[in-house]
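The following exercises are to be worked with the sequence and the structure at hand. Each task is followed by a solution in steps.

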Amino acid sequence: MSAMVTETPEQIKAALASPQRAWRSLDPRAVAFCKQLSAALLKSDAARSAPALMALGFWFRDGGLRNIEPFLQHHRGVRMGRGLALHVTPANVDTVFMYSCLISLLMGNINFVRLSDRLGDEGRLLFDHYVFPMLRRTEFEEIATRLIFFTCPRNHGILAELSATCQLRVVWGGDETIRAIRAIALNPRAGEICFADRFSFSLISAGHVNGLAPTDLERLAAAFLSDVKLFGQQACSSPRVVFWLGDPTQVEAAKRRFWHAYEDAAGRALDFNPAERMARLVDLSTLAAQGMVSQVLGRSQHYPYRGELNQLDQSVRRLHGGRGLILEITAADIASVAGLIRESDQTLTVAGIDREALIQLIEKSPNGGLQRVVEIGHALDFYPIWDGQNLPELMSRTVSLLL
Amino acid sequence: MNLQDWLPPYEMEAAEKTARLVAELNVLNRHHWDRCRPYQNVVKSLFGGIHEIDSLARMPWLPVSLFKTVELSSVPAEQVVKVMASSGTSGMTPSRIVLDAETATVQARTLVSIVKEFLPERRPMLVIDERGSVDGRSGFNARAAAILGFAKFGADHTYLLDDDLQPRWDVLAGFLDRYGDQPIFVFGFTWLVWERFVNAASKAGRRFDFPESTVMIHGGGWKKLQQQAVSNELFKNSLADQFGIKHVYDYYGMIEQVGSIYMECAQGVLHAPSYADIIVRSPETLDVLPANTPGLIQTFSVLPQSYPGHSLLTEDMGAWLGEDDCPCGRKGKYFHVRGRLPKAELRGCSDVIALRA
C-alpha cells in the first residue's frame, strides 16, 4: 500500500487536533472528485477485468448526484455533513465499502477510513492505482484532508480517540468486528451505521420459469449466474438459497429447465477454480453428512454444486461458504417463504413474483428480516438505502432554518 | 479384513488386486453405511444410495477435508482407543480420526509389512525431530503417529533436534561414534530433514559421514519445499553430498489412512501396496483420468474399520504412471505427487468467514 497516502495513527491524531469543517451536502468539490474517480475507472483496461470496479465507476459516473439526490428530501433548512466520520472497513469485500465512504464524502463529512491490511486484489487495484494517486494531485488537496486512509490494529487507541470525537461511525461487519468496535465508547451525539453478517436468497416462481420462452430463460439463468459469480458468492447480498414457489410438480419441471439453462450459461467449470470447487464440495458434503441436504446435484455428478435442503436453520447459513454453492427449498406459498426468513437475512432476488405478493412477504417477515428485494441479476447493485439504512440521510444532518 | 491375505505387499497383479479390492471396498462401503450416519447421509445425497460397485472409479468417496468438518466414526464411543489429529497449520481445523483397537493394530501391522521391504532389520535410529513431538506434549498428531509407527524399525532412538527444533550436532557425532560402522535408519519429516538437517548443516559448515548402508525414510509432503523450489533430486543429492546418505525413500501418506502408505522406490516413484490403491480425477470435472495425466488423487485403503476412510478424494495433485511394470520389480500402481490444490481465497463482506475457514 502506498505509504504516502495511508496515514499513521500519529498523523490522524494531528488531524484531529485541528479538524476540518463539514461541508454542505453535495458540495461541487466532492462531486468533482467522485466524478473523476468514476471516469478513471470506466476508461481503464485494468478495471475492466474487475466487474466490481466497473460497477463502482458506473454508479458514480455523474459524481453520484443522480443516485443520491432523490434521497434528500427538502426540509426547511440546510443539509450539512455530520462532521468527522470514522469508517471501519472489512477485509474481504474490497469495493463495497467504497460506496459508503464516497457517499459520506459527498454528504459533507471528513472521513477517517481504517483499511484492513488484508485487502484483496480488487481493493489493491482500486486504492493503489486510482484512489491514492488521485488524492496526491494538487487539484484534490482539499479532498485529501477529508478522505484519510489509515491502518492500525483493531485494539489501537486511535480508534477510541476517533470514536470519542466523531459525529458518525460506520462499521462493516462481520458480527465479531461490530461487537469489538461497539465496545469502544462512541461520542454520545454521534450516529452509528453497522453492516452486520447477512444472508441472501432468491425467490423464483416455478410457473413463471415454466412459461418462459427459451431466450428469456437463458437471460434469467445468465442474470442469476452473474449474481452468483460476483465476490465468489460470498457477499452479504449474494444469493445462496433458492426458494421455489409452486406445487411440487411445477417446481420439478422448473428446476429441470432452469438449471439446464444455468449450466449451459456457466460452462461445466461453473467459473470457479478447482480449489474453490473443492471447497464447495466439502461444504456440500458437510451439509449432507449432517442431514441438512438430501440430494446433491450437478451435471453428471461432476463437481456437484446444488443441494436440496431438508431444513434451513442457522447452521446452514453458517456453513454455506459460497463459491457457486446453491441450496434449494420448495415453498407452497408466500406465507411459507416468510416462515423461512430470519432476522439475519438481507436481499431477496426475485423472478416472476408480483409486487402484491412481495409486499405480503415483507409484512409477514420476522422483525429485522429482509432489507431488500430486487430482480435477479441485481443482487449486488448498490443502492443508497443499503441493508435497510438510508445512507444519505444518516450520513448528514439538516440544520433547521425556519425563517 | 485379514492382513495375511494381502501379503506380501508388492506381489499382487492388477487383475487379481482390483477384483479383491473392489470386493473388500464394497464390504467396507456397507460396513460404514450401517454404522456411520454421516457417511450414509453423504453416500445417499452425493451418490444416490448404496449399490454394489463394480470398479474403483464408481466407489463412493468422501472429500478428505470432511474429517475436519464432521465427526466421522463407525464405532461406539467406548470402543475408541485413540483419536488422531492432523498437525494442522495455525488457524486450520485439524482432521480428527477415531481408531478402535482393531484398526489401530491393523494399521501398525501393515506399516510393518511395507517398511520391511525397504528396511529388513531393526537398526539404530536417528529421528530428525524433537522428542517432545512423541511424548504427548504437542498432542497426538500426524508427526507423532508417523514417528511412533516407524520407531518399530529402530533401536536406541536418538532425536537430533532440541525443543526449538535446532539440531544438536554433538548428539549426532555421538550417535555416529557409536554406530558409524553398522547400518543405520534415519527418519524425519521432509521439511524438517531439509531445513533442520541439510540446510542447518551447510550453514554451520558441518559434514558427517554416515555408513554406506544407511537408509533414510521421510514423508509429510513437499509443500514447504516446493515454495523454495527444492526438487526431490536436489534433496537426494544434498543428502548424498553432505552426509553420504544414498538410500533415501520418500513416502506419501495421510493421517486419514495411516498404515497404507505409498513408498518411493529406487526409481523415484511411489508404489501402491496390495491393500491400497489410487486413481486420479480431473480437477475440472472429477472424471477419472488415464495414466500420465495429472489430476486430483483419490486413495483407497482396506484398513479403515472404525472410521469411513476407505475411499478418499484428496486435495493432492499427481499422476499415475504405470501398473505392475516398474523396473524396481514391485507390482501395483506407481505414481508421483506434484503439489496440492491451493487454499481457496476468501471474499465476501464478513471477517467471520475468514475466521471460520
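**Exercise 1.** In this predicted model, determine which residue of β5(A) stands opposite F112(A), and describe how the strands beside β5(A) pair with it.

*Solution.* Step 1: F112(A) stands opposite I148(A) in β5(A). Step 2: strand β4 (residues 110–114) of chain A pairs with β5(A) in the parallel sense, over four bridges. Step 3: strand β1 (residues 6–7) of chain A is likewise parallel to β5(A), with two bridges between them. Step 4: the bridge partner of T6(A) is F149(A), and that of E7(A) is F150(A).

**Exercise 2.** State which way the residues of β5(A) point, and whether they are buried or exposed.

*Solution.* Step 1: side chains in a regular strand alternate between the two faces of the sheet. Step 2: L147(A) and F149(A) point one way from β5(A), while I148(A) and F150(A) point the other way. Step 3: all four of these residues are buried.

**Exercise 3.** Describe the side of chain A that touches chain B.

*Solution.* Step 1: 44 residues of chain A are in contact with 31 residues of chain B. Step 2: α10 (175–182), α14 (274–289) and β10 (293–297) of chain A each supply at least two residues of this side. Step 3: α14(A) gives the most, with eleven residues. Step 4: the residues of this side comprise 22 nonpolar, 16 polar and six charged.

Technical notes. Residues numbered from 1 in each chain as written. Chains lettered and ligands numbered in written order. Predicted model: local features only at pLDDT ≥ 70, side-chain atom pairs only at ≥ 80, totals over all residues. Contact = placed C-beta atoms within 7 Å. Nonpolar A, V, L, I, M, F, W, Y, C, P; charged D, E, K, R; others polar. Buried ≥ 20, exposed ≤ 12 C-beta atoms within 10 Å, placed from the backbone. Pairing = 2+ DSSP bridges.
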